[in-house]
Amino acid sequence: MTENPPGNTGSTGGSNEPPFLSLHTSVVLLTATVLGLVIGALTVLTGAPVAGAVLAGLSAAGTSVPVLRSHIGSSRE
């Protein structure tokens, strides 16, 4: 019998690799994405062209990352 079946990719596999993104980074990027989508959707609802709404959403997401990074506390490890 094998200790870990081939389909088991859980954290109990003995691998000590760090996660690809930290929890802090994931929360900041997810929040920025949601803000960008909301701003883009609200811009479309005002009657602006879709290209303008995409630019507004990208601008909102991009500018919110540094602000969110400073406002959302970093993990204490």
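Guide: Let's go from the overall fold down to single residues. One thing to keep in mind is that this is a predicted model.

Visitor: Okay, the overall fold then. How many helices and strands are there in the protein chain?

Guide: The protein chain has two helices and zero strands. Helix 1 covers residues 23-45, and helix 2 covers residues 50-71. Just after helix 1 you'll find Gly47, which takes a positive phi of about 100°.

Visitor: How do I read the length of helix 1?

Guide: Compare the end-to-end span with what you'd expect at 1.5 Å a residue. Helix 1 has 23 residues and reaches 33 Å from first C-alpha to last, close to the 33 Å expected.

Visitor: And how do I describe the way the two helices pack? What is the angle between helix 1 and helix 2?

Guide: Look at the angle and the distance between the axes. Here the angle is about 150°, and the axes lie 7 Å apart. An angle over 145 degrees counts as roughly antiparallel, so helix 1 and helix 2 are roughly antiparallel to each other. The crossing of helix 1 past helix 2 is right-handed.

Visitor: Which residues in helix 1 meet helix 2?

Guide: From helix 1 come His24, Val28, Thr31, Ala32, Leu35, Gly36, Ile39, Gly40, Thr43 and Val44. On the helix 2 side they meet Gly52, Ala53, Ala56, Gly57, Ala60, Ala61, Ser64, Val65, Leu68 and Arg69. Sorted by type, the residues of this contact are 11 nonpolar, eight polar and one charged.

Visitor: Why might the numbers in such a list come in steps of three or four?

Guide: Here's the general idea: an α-helix has 3.6 residues a turn, so residues three or four places apart point the same way. Now look at what is buried in helix 1: His24, Val28, Ala32, Gly36, Gly40 and Thr43. Those buried residues pack against helix 2.

Visitor: Can we zoom in? Is Val28 buried or exposed?

Guide: Buried means under 20% relative accessible area. Val28, in helix 1, has 5% relative accessibility, so Val28 counts as buried. Leaving out residues up to four places away in sequence, Val28 touches Val65, Leu68, Arg69 and Ile72.

Visitor: What about Thr43, buried or exposed?

Guide: Thr43 also sits in helix 1. Its relative accessibility is 19%, so Thr43 counts as buried. Beyond its neighbours within four places in sequence, Thr43 is in contact with Ala48, Gly52, Ala53 and Ala56.

Visitor: And Thr63, is that buried or exposed?

Guide: Exposed means over 50%. Thr63 belongs to helix 2, and at 55% relative accessibility Thr63 counts as exposed. Thr63 is 31 residues from Ala32 in sequence and 8.6 Å from it in space, C-alpha to C-alpha.

Visitor: What happens with values in between, say for Val38 in helix 1?

Guide: Val38 has 42% relative accessibility, so Val38 counts as partly exposed.

Visitor: Last one: how much of the protein chain counts as buried?

Guide: Of its 77 residues, 16% count as buried. Among contacts with a separation of 6 or more, 62% join residues 24 or more positions apart.

Methods:
Residues are numbered from 1 along each chain as its sequence is written. This is a predicted model: local features need pLDDT of at least 70, side-chain atom pairs count only at pLDDT 80 or more; totals for chains, interfaces and linings use all residues. Side-chain values use heavy atoms; hydrogens and water are left out. Axes are lines fitted to C-alpha atoms, for helices over the stretch in contact, and angles run from 0 to 180 degrees between N-to-C directions. Helices (H or I, at least four residues) and strands (E, at least two) are DSSP runs, numbered from the N terminus. Angles under 35 degrees count as roughly parallel, over 145 as roughly antiparallel, 65 to 115 as roughly perpendicular and the rest as oblique. A crossing is left-handed if the near helix is turned anticlockwise from the far one by less than a right angle, and right-handed if clockwise. Contact means heavy atoms within 4.5 Å. Ala, Val, Leu, Ile, Met, Phe, Trp, Tyr, Cys and Pro count as nonpolar, Asp, Glu, Lys and Arg as charged, and the others, Gly among them, as polar. The expected span of a helix is 1.5 Å times one less than its number of residues. Buried means under 20% relative accessible area, exposed over 50%, partly exposed in between (1.4 Å probe, protein chains only).
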